[in-house]
Amino acid sequence: MRRRRFRKWAKWACTAVAMMVLALTVASRWWMVSYGWRGSGGAPYHVGIGTGVVTYERNIAFEKRPTGWDLRASAGWQWGFVSAEIPGNQWRLGVYYYSSPGFGWALGVTLVYVAALASLPAALLWYADRRRFGPHACSECGYDRRGLAADAKCPECGTVPTK
Ligand SMILES: [Zn+2]
């Protein structure tokens with residue numbers, strides 16, 4: 001019973017996380033959110049979400065950019081599957097890695113993967129919860145109620161059947 005309550009809680013918590021990631025994915029169509037900071041030796045690091053992708057970079061081009069949060073307009077969804085708009089962009093099936101001495105390095109993953117991964121626990125918990133007990137079983141814990149009075153408390157979890 002306590003276990004079941006935890007499962008219910010976990011189900012909704014995972015659903016909330018999945019919803020937030022999905023909302024972020026949708027929002028990345030219009031906005032690009034990023035955070036920049038300086039690492040050791042003043043190296044510019046940058047993590048951002050926009051155009052349906054999430055990127056993590058140590059990019060020399062960001063040396064002049066101010067650190068901290070940055071919000072700017074996003075140019076539609078790119079998802080990391082279409083590279084035509086950016087020459088030299090090497091996205092492969094939603095994953096991107098690039099490294100060069102004159103640039104630094106960049107790592108990118110499509111939000112499609114992130115959203116799918118975030119939705120997986122919620123989907124599994126919903127699927128597990130969908131399981132229905134038989135007609136003679138307690139609706140809360142699945143205890144076999146055969147032989148009990150119709151309005152008797154479940155001896156396992158204490159649930160009173162509602163008709
Ligand atoms: Zn029960």
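**Reading charged pairs and cysteines**

Guide: At 24% relative accessibility, aspartate 70 counts as partly exposed, and please keep in mind as we go on that this is a predicted model.

Visitor: Why does aspartate 70 count as partly exposed?

Guide: Partly exposed is the range between buried, which is under 20%, and exposed, which is over 50%, and the 24% of aspartate 70 therefore falls in that range.

Visitor: How many salt bridges does the structure hold?

Guide: The general idea is that side chains of opposite charge can pair when their charged atoms come close. In this structure there are two salt bridges.

Visitor: Which side chain meets that of aspartate 70 in a salt bridge?

Guide: The partner is arginine 72, with 2.6 Å from N to O, and arginine 72 is partly exposed, its relative accessible area being 38%.

Visitor: Which side chains meet in a salt bridge at 2.9 Å, N to O?

Guide: Those of arginine 146 and aspartate 144 do. Arginine 146 counts as exposed at 57% relative accessibility, whereas aspartate 144, with a relative accessible area of 37%, is partly exposed.

Visitor: Turning to the cysteines, is cysteine 138 buried or exposed?

Guide: Cysteine 138 has a relative accessible area of 2% and is buried, while cysteine 141 is partly exposed, with a value of 29%.

Visitor: How many disulfides does the count come to?

Guide: To be counted, a pair of cysteine sulfur atoms has to lie within 2.5 Å, and by this rule the count in the model is zero disulfides.

Conventions: Residues numbered from 1 in each chain as written. Predicted model: local features only at pLDDT ≥ 70, side-chain atom pairs only at ≥ 80, totals over all residues. Heavy atoms only, no water. Buried < 20%, exposed > 50% of the residue type's maximum accessible area, 1.4 Å probe, protein only. Salt bridge = Lys/Arg side-chain N within 4 Å of Asp/Glu carboxyl O.
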